[in-house]
Amino acid sequence: MPQLEVNDIHTSYGLSQVLFGITLDVEEGEIVSLVGRNGVGKTTTMRSIMGLTKPSQGSVKFEGKEIAGLAAHQISKLGIGFVPEERRIFPDLTVWENLDIARRPAPAGREAWDEERVYTLFPDLKEIPDRPGGVLSGGQQQMLTIARSLMGNPRLLLLDEPSEGLAPKVVENVRDQVKLLKESGLTIILAEQNLGFILYLSDKVHILEKGEVKWSGTGAALKADKSIVEQYLTV
Ligand SMILES: Nc1ncnc2c1ncn2[C@@H]1O[C@H](COP(=O)(O)OP(=O)(O)O)[C@@H](O)[C@H]1O
Ligand SMILES: [Mg+2]
């Protein structure tokens, strides 16, 4: 059984329909990427899974349980973490305080994330536990946002455009950290524009256009087919 099964979801903002039947499966431990140009529905797919914008139609099953229609905080409690595009940290709280308030128990039988484990993954944060969130660099903020989600001990993590606005060196750093997260057993859905990032990490890729999945395949298959990249991804 896939860990997450999204089946034919339709989602609207008011009268404006944005998703037109998105279907995708995610197996435990995989990195599945959602790619496509701006405005195709990547963020809305994540918001629909997370219960932040409820699908009007279709089903979302997490570990066999129907979650479409649940409130976001209930979905979060079941073990799905969301790292939104706009990095939401508390600017007046220190790095450590930002981590501490996100703390939640681990599921039975899993190694829990705590600050020590988070600092092992993000050594930069270990150097600055007392620094207010508001004065961090873009890269540090992205690391802190991911680290905060980990403190909630999710089993599935939704990462929305983690490389956006970061310098190339920092992007590489975040990419390696996402890889380590996968190696720790976490399942990850990644929305990204950065093709290098995607090809390096993804087990499966879904290309979206106008709220529909237009192409699905492995990272290797995408890499091998320049015409797909040109059709759906080149600006
Ligand atoms: N809060 C909102 N209200 C109305 N329309 C929205 C809202 N958020 C996104 N949209 C629209 O939904 C479409 C898909 O957006 P989004 O899911 O953010 O795409 P992506 O993440 O792929 O860039 C776009 O046309 C966007 O303008
Ligand atoms: Mg988006």
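Modeller: Happy to. Leaving aside neighbours within four places in sequence, Thr44 is in contact with Thr11, Val18, Leu19 and Thr53; contact here is C-beta atoms, placed from the backbone, within 7 Å. The model is predicted, so local features need pLDDT of at least 70 and side-chain atom pairs count only at pLDDT 80 or more, while totals for chains, interfaces and linings use all residues. Residues are numbered from 1 along each chain as its sequence is written, and chains are lettered from A and ligands numbered from 1 in the order in which they are written.

Biologist: Why is Thr44 called buried?

Modeller: A residue is buried if 20 or more other C-beta atoms lie within 10 Å of its own, exposed if 12 or fewer, and partly exposed in between. Thr44 has 23 C-beta neighbours inside 10 Å, so Thr44 counts as buried. Thr44 is found in helix 1, where helices are DSSP runs (H or I, at least four residues) and strands are runs of E (at least two), numbered from the N terminus. Between Thr44 and Gly211 there are 8.8 Å in space, C-alpha to C-alpha, although they are 167 residues apart in sequence.

Biologist: Which residues are around ligand 1?

Modeller: They are Tyr13, Ser16, Val18, Gly36, Asn38, Gly39, Val40, Gly41, Lys42, Thr43 and Thr44; the test is a C-beta atom, placed from the backbone, within 6 Å of the molecule. Strand 2 (16-26) and helix 1 (42-50) are the elements that give two or more residues to this shell. Helix 1 supplies the largest share, 3 residues.

Biologist: How do the residues of the shell around ligand 1 divide into nonpolar, polar and charged?

Modeller: There are 3 nonpolar, 7 polar and 1 charged. Ala, Val, Leu, Ile, Met, Phe, Trp, Tyr, Cys and Pro count as nonpolar, Asp, Glu, Lys and Arg as charged, and the others, Gly among them, as polar.

Biologist: What makes strand 6 and strand 10 edge strands?

Modeller: Two strands pair if DSSP finds at least two bridges between them. The open sheet has 6 strands in the order 6-7-8-3-9-10, with mixed pairing. Strand 6 (80-83) and strand 10 (212-217) each pair on one side only. Inside the sheet, strand 3 (residues 31-35) and strand 8 (residues 187-192) pair in the parallel sense over 5 bridges, and Ile31 has Ile188 as its bridge partner in strand 8.

Biologist: What makes helix 6 mostly covered?

Modeller: Of its 14 residues, 12 are buried, among them Met143, Leu144 and Ile146. The buried residues of helix 6 pack against several elements, including strand 6, strand 7 and helix 7 (168-183).

Biologist: What is the phi of Asn153, and why is Asn153 called buried?

Modeller: Asn153 is not a glycine, yet its phi is positive, about 55°. Most residues other than glycine have a negative phi. Asn153 sits in the loop between helix 6 and strand 7, and with 20 C-beta neighbours inside 10 Å it counts as buried. Glu161, in the loop between strand 7 and helix 7, has a positive phi of about 50°. Glu161 also has 20 other C-beta atoms within 10 Å, so Glu161 is buried.

Technical notes
Contact = placed C-beta atoms within 7 Å.
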